[in-house]
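Visitor: Walk me through this one, please. I'd like to start with the terms.

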Amino acid sequence: MIYYFILINIISFIIFGIDKKRSIKKKYRISENFLILLSVIGGCFGSLFAMFYYHHKNRKLKFLVLLPIISVIWIFILITK
């Protein structure tokens, strides 16, 4: 479980970075739904860190609200395991 959690957070961080680079270059973007899905399946901390590290999606209310909520849910899941 811990290896999955580490891997999905690294992947989530990288995907956010790729989307940020694509947005700067005005290229095809990764969908917001996919970025949120990565958080839901465990990449919430990588997503949160990437959001502020890359300054990407940090003005979108959807991300500012959902990612912390998803993170709290994952903390609860990890603590109770």
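Guide: Buried means under 20% relative accessible area, exposed means over 50%, and partly exposed is in between (1.4 Å probe, protein chains only). This is a predicted model: local features need pLDDT of at least 70, side-chain atom pairs count only at pLDDT 80 or more, and totals for chains, interfaces and linings use all residues. Numbering starts from 1 along each chain as its sequence is written, and side-chain values use heavy atoms, without hydrogens and water.

Visitor: OK. Lys57, buried or exposed?

Guide: Lys57 has a relative accessible area of 10%, so it counts as buried.

Visitor: What does Lys57 form a salt bridge with?

Guide: Glu32, with the closest N and O atoms 3.1 Å apart. Glu32 sits in helix H2 and Lys57 in the loop between H2 and H3, 25 residues apart. A salt bridge here is a side-chain nitrogen of Lys or Arg within 4 Å of a carboxyl oxygen of Asp or Glu. Helices are DSSP runs (H or I, at least four residues), numbered from the N terminus.

Visitor: Which residues are linked with Glu32 in a network?

Guide: Lys57, Lys60 and Lys62 join Glu32 in a network of salt bridges. Lys62 meets Glu32 at 3.2 Å, N to O. That pair links helix H3, where Lys62 lies, to H2, across 30 residues. Lys62 is partly exposed, at 35%.

Visitor: How many salt bridges does the structure hold?

Guide: There are 4. One of them joins Arg29 and Asp19, at 3.0 Å, N to O. Arg29 is in the loop between H1 and H2 and Asp19 is in H1, so parts 10 residues apart in sequence are tied together. Asp19 is buried at 0%, while Arg29 is partly exposed at 32%.

Visitor: Switching to H1. What does H1 reach from its first C-alpha to its last?

Guide: H1 has 23 residues and reaches 34 Å, close to the 33 Å expected at 1.5 Å a residue. Its buried residues include Phe5, Ile8, Phe13 and Phe16. Tyr3, also in H1, is exposed at 70%. Lys26 follows H1 and has a positive phi, near 60°.

Visitor: And aromatic pairs, how many?

Guide: The whole structure has 8. Phe16 and Phe63 have ring centres 6.2 Å apart and planes at 90°, so they are edge-to-face. Rings of Phe, Tyr and Trp (its six-membered ring) pair if their centres lie within 6.5 Å; planes under 30 degrees apart are stacked, over 60 edge-to-face, the rest tilted.

Visitor: Phe16 and Phe63: where do they lie?

Guide: Phe16 is in H1 and Phe63 in H3, so the pair ties together parts 47 residues apart in sequence. Phe16 is buried at 0%. Phe63 is buried at 0%.

Notes: Helices (H or I, at least four residues) and strands (E, at least two) are DSSP runs, numbered from the N terminus. The expected span of a helix is 1.5 Å times one less than its number of residues.
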